[in-house]
Amino acid sequence: LKRIEGSLEITVRDYGIGIAKDRIHSTFDILQNSNQYTNTGLGIGLYLTKTFLEMHRGKIITQSEGKGATFTITLPILQNPTKSSNRVISKTKQIILQKKNILVVDDNETIQFIMRKILERANHNVTVVGTVADAMQKGTAKEFD
């Protein structure tokens, strides 16, 4: 953990198998890393991390040379956290309060479950299907946002 010019920098290093140079650019793409090296993981962790950081005006950078990888996270230090925090909370409430009808299409039952729970907790109406054919059928029978 370091403080650098109005930001906090956190560096995390792992000593696993590393990330191939031709895959570094897609490290944070959703589902790009699922089951790539093992039979575990959904492939959404790094995507969610990057998305969360960007929501807070931060960033994450990946480096990998051979074995292992280094992830460097940078977050701004807020000058007036209360004012800024209230603005984020207000925007979040506006988004959450807008109830939507959402169709989730995924053939992975774990992702279906996670997406349903997240969206239902945000007070949305959620329909989950496992195939494009089912999505087409549901899409003609019900209106989705």
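**Figure 1. Contacts across the whole chain.** Among contacts between residues at least 6 apart in sequence, 52% join residues at least 24 apart. The model shown is predicted. Its chain has 4 helices and 6 strands, which follow one another in the pattern β-β-α-β-β-α-β-α-β-α. Of the 145 residues, 23% count as buried. The accessible surface of the chain comes to about 10,700 Å², and carbon and sulfur atoms contribute 54% of that area.

Figure 2. Helix 3 comprises the 13 residues 109–121. Just after the helix, Asn123 takes a positive phi of about 70°. Most residues other than glycine have a negative phi.

Figure 3. An α-helix has 3.6 residues a turn, so residues three or four places apart point the same way.

**Figure 4. The pairing of strand 3 with strand 4.** Strand 3 (residues 59–63) and strand 4 (residues 69–76) pair in the antiparallel sense over 5 bridges. Within this pairing, Ile61 has Thr72 of strand 4 as its bridge partner. The hairpin formed by strand 3 and strand 4 has 5 residues between the strands, and Gly66 takes a positive phi near 75° there.

**Figure 5. The two faces of strand 3.** In a regular strand the side chains alternate between the two faces of the sheet. The covered face of strand 3 carries Ile60 and Thr62, whereas the uncovered face carries Lys59, Ile61 and Gln63.

**Figure 6. The surroundings of Thr74.** Thr74 is found in strand 4. At 17% relative accessibility, Thr74 counts as buried, because the limit for burial is under 20%. Leaving aside neighbours within four places in sequence, Thr74 is in contact with Ser7, Leu8, Glu9, Gly58 and Lys59.

**Figure 7. A buried glycine in a loop.** Gly18 is found in the loop between strand 2 (7–14) and helix 1 (45–55). This glycine is buried, with a relative accessible area of 12%. Gly18 and Lys67 are 49 residues apart along the chain, yet their C-alpha atoms are separated by 4.5 Å.

Figure 8. Glu5 lies in the loop between strand 1 (2–4) and strand 2. Its phi is near 40°, a positive value in a residue other than glycine. Glu5 is exposed, with a relative accessible area of 80%. Arg57 is placed in the loop between helix 1 and strand 3. The phi of Arg57 is near 60°, again positive in a residue other than glycine. Arg57 is exposed, with a relative accessible area of 55%.

Note on methods
Residues numbered from 1 in each chain as written. Heavy atoms only, no water. Expected span 1.5 Å × (residues − 1). Buried < 20%, exposed > 50% of the residue type's maximum accessible area, 1.4 Å probe, protein only. Contact = heavy atoms within 4.5 Å. Areas by Shrake-Rupley, 256 points an atom, 1.4 Å probe, with all protein chains shown as cover. Pairing = 2+ DSSP bridges.
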